[in-house]
Amino acid sequence: MAGKEVFMDTKVFTGIVDDIKNAASSCELQEEPLSKADFLDDTDVGKELHSLLQEAYKMTKLHRTESAESLPRALSTLRDSLIAVDDALSKSLVVESPGGDKK
């Protein structure tokens, strides 16, 4: 790619974004194992481990939300913006034919 040009097949791009959204939304840790981990609180090391597990679950949920919602929305906005810019640029072009006619 030369210069600052961007080329995008919008159907392929949209498909990739949809795949990201669908894959991310299906990646969910079951809460049941974490709810049964209270026994870890019987020792200091267990308490620390339980705390780390809770944090990991929280981060996984946040990551899934960002990957399944925020990222696809941002990428779709980017796509729509590039399409709008391309449309505006193409409408602003003036092409002269060899006979001097402007189209």
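Contact here means heavy atoms within 4.5 Å. The model is predicted: local features need pLDDT of at least 70, side-chain atom pairs count only at pLDDT 80 or more, and totals for chains, interfaces and linings use all residues. Residues are numbered from 1 along each chain as its sequence is written, and side-chain values use heavy atoms, with hydrogens and water left out.

Leaving aside its neighbours within four places in sequence, R79 is in contact with M8, T10, F13 and T14. R79 belongs to helix α3 (residues 44–92); helices are DSSP runs of H or I with at least four residues, numbered from the N terminus. With a relative accessible area of 15%, R79 is buried, where buried means under 20%, exposed over 50% and partly exposed in between (1.4 Å probe, protein chains only). The R79 side chain also makes a polar contact with the side chain of D80, at 2.9 Å. Such a contact is a pair of N or O atoms within 3.5 Å; within protein, one must be able to donate a hydrogen and the other to accept it, and residues adjacent in sequence count only if both atoms are side-chain atoms.

S67 is also in helix α3. Why does S67 count as buried? Its relative accessibility is 12%. Beyond its neighbours within four places in sequence, S67 is in contact with I20, K21, A24 and P72.

I20 lies in helix α1 and is partly exposed, at 31% relative accessible area.

Definitions and conventions. Helices (H or I, at least four residues) and strands (E, at least two) are DSSP runs, numbered from the N terminus.
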